[in-house]
Amino acid sequence: MTDHATNLTLLSPATRTVVAGREPRIPGGSVGSPLVLTSTYHADGEVVYARAGNPTWSALEEALGSLEGGVATAFASGMAAADAVLSLVPLGGTVVAPGGAYNGVVGTLRQRAERGELVVRFVDITDPAAVGAACAGADLLWVESPTNPLLQVADIAALTAAAHEAGALVACDNTFATPILQRPLDDGVDVVVHSVTKYLAGHSDVLLGACVARDDDVTARLRHHRLLRGAIPGPHETWLALRGMRTLALRVKRASANAADLAARLATHPGVERVRYPGFGAMVSVDIAGGDTEAGAAAAERVCAATQLWVHSTSLGGVESQLERRRRQSLEPQSTPVNLIRLSVGIEDVEDLWQDLSRALDAARPAEDGSPAR
Ligand SMILES: *Cc1c(COP(=O)(O)O)cnc(C)c1O
């Protein structure tokens with residue numbers, strides 16, 4: 001679709017977010033991406049029915065594929081994209097995955113294991129030797145890095161080499177880092193997975209997912225799965241996501257700078273027991289003073305209820321800063337402390353963010369007599 005004299009691969013990611021997936025530059029042609037709403041096409045074309053393809057999906061897929069360095073396939077949600085990757089595993093096959101991965105992924109793996117569809121081996125993704133050993137006889141290694149919400153970082157290249165040695169495919173959920181900060185396909189990963197809902201779309205107004213692969217056979221299998229299962233993206237959602245993605249590089253840069261600043265300040269606040277921050281990206285998790293106990297959970301709830309600028313909501317990656325005590329979610333793994341608050345740092349002014357957050361932390365701390373401060 002893109003009709004540039006320029007080879008996109010020679011351009012920096014920031015430029016690619018702007019130029020990839022555009023319409024051909026013909027006189028009178030539209031500069032903005034068209035939103036194509038149709039359920040079917042005139043016969044005898046390449047695509048005959050809209051469950052198989054849509055030009056608005058293609059534009060988003062071209063832009064994301066260019067950023068990740070592969071071929072993208074869009075899905076109705078991040079979970080639909082994860083489901084497509086799991087379809088690559090034969091019935092009864094073995095999947096190795098981090099026990100502290102995104103709760104929806106852990107949930108679907110547990111459910112499939114209970115039904116006897118898959119064998120699942122949960123591992124500590126920060127321990128390459130343990131992951132390598134678990135990969136013996138496995139069909140798929142699922143990597144998430146940094147993880148949601150403990151922000152653990154995996155050595156993607158080392159884990160991928162070990163999994164490939166054992167004959168397993170490797171998928172990597174790149175939702176938190178985005179292709180601006182990390183390109184797993186360059187480390188040999190077979191399929192990158194995104195919740196496009198988060199940073200890629202970036203405005204908390206759509207649910208969407210995507211897979212990106214280099215191997216044509218893998219892409220063909222993912223697309224066949226999409227066609228038959230029907231978890232297709234909506235054209236309007238893909239249009240909004242592509243529009244949001246045009247500013248991805250700017251948003252990630254600004255939000256990451258804010259996160260680094262806030263992580264340093266949080267480390268000195270008496271209301272915070274531990275800061276979890278991998279040193280890059282815009283996600284920061286904090287364990288609120290009071291410990292992994294009922295009292296700690298209650299203090300964390302008070303922090304979330306006391307902010308006025310930060311939005312108390314689940315989800316992440318939007319322009320607005322959001323916070324949530326993760327163990328509110330019923331699917332959340334027990335490895336997440338009950339007093340952990342996940343912070344998705346947005347692009348607001350960092351002084352405003354700190355003022356609101358530090359005030360909420362102060363208000364949530366117990367007074368000398370043990371009662372919550374006012
Ligand atoms: C949100 C999320 C998902 C699931 O994506 P949806 O778009 O909500 O279906 C998967 N992985 C990670 C890391 C996420 O944060």
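User: Which residues of the largest nonpolar core touch the most other members?

Analyst: In soluble globular proteins, nonpolar side chains tend to be buried together. A nonpolar core is a set of buried Ala, Val, Leu, Ile, Met, Phe, Trp, Tyr and Cys residues joined through side-chain atoms within 4.5 Å; buried means under 20% relative accessible area with a 1.4 Å probe, protein chains only. Here the largest core holds 73 residues, and Leu141, Val143, Leu266, Ile341 and Leu343 touch the most other members. Domain 1 (8–245) and domain 2 (248–364) each supply at least three residues to this core, the bounds coming from an automatic or database domain assignment. A second, separate core of 24 residues includes Ala82, Ala84, Leu86 and Trp142.

This is a predicted model, in which local features need pLDDT of at least 70 and side-chain atom pairs count only at pLDDT 80 or more, while totals for chains, interfaces and linings use all residues. Residues are numbered from 1 along each chain as its sequence is written, and side-chain values use heavy atoms, with hydrogens and water left out.

User: In what order do the seven strands of the open sheet lie?

Analyst: Strands of a sheet pair through backbone hydrogen bonds, either parallel or antiparallel. Two strands count as paired if DSSP finds at least two bridges between them; strands (E, at least two residues) and helices (H or I, at least four) are DSSP runs, numbered from the N terminus. In this sheet the order is β1-β7-β6-β5-β4-β2-β3, with mixed pairing. β1 (71–75) and β3 (119–123) each have a single partner strand, so one side of each lacks a neighbour in the sheet. Strands β2 (residues 94–98) and β4 (residues 140–144) run parallel, joined by two bridges, and Val96 stands opposite Leu141 in β4.

User: Which strands does helix α2 touch?

Analyst: Contact means heavy atoms within 4.5 Å. Helix α2 (residues 55–68) packs on the sheet and touches β1, β6 (191–195) and β7 (209–213); its direction makes about 130° with that of β1. Such angles run from 0 to 180 degrees between N-to-C directions, the axes being lines fitted to C-alpha atoms, for helices over the stretch in contact.

User: Which strands form the edges of the five-stranded sheet?

Analyst: This open sheet has the order β8-β9-β12-β11-β10 and mixed pairing. Its edge strands are β8 (272–276) and β10 (311–312), each pairing on one side only. Helix α10 (residues 248–266) lies across β8, β9 (283–288) and β12 (340–344), at about 15° to β9.

Terms used. Buried < 20%, exposed > 50% of the residue type's maximum accessible area, 1.4 Å probe, protein only.
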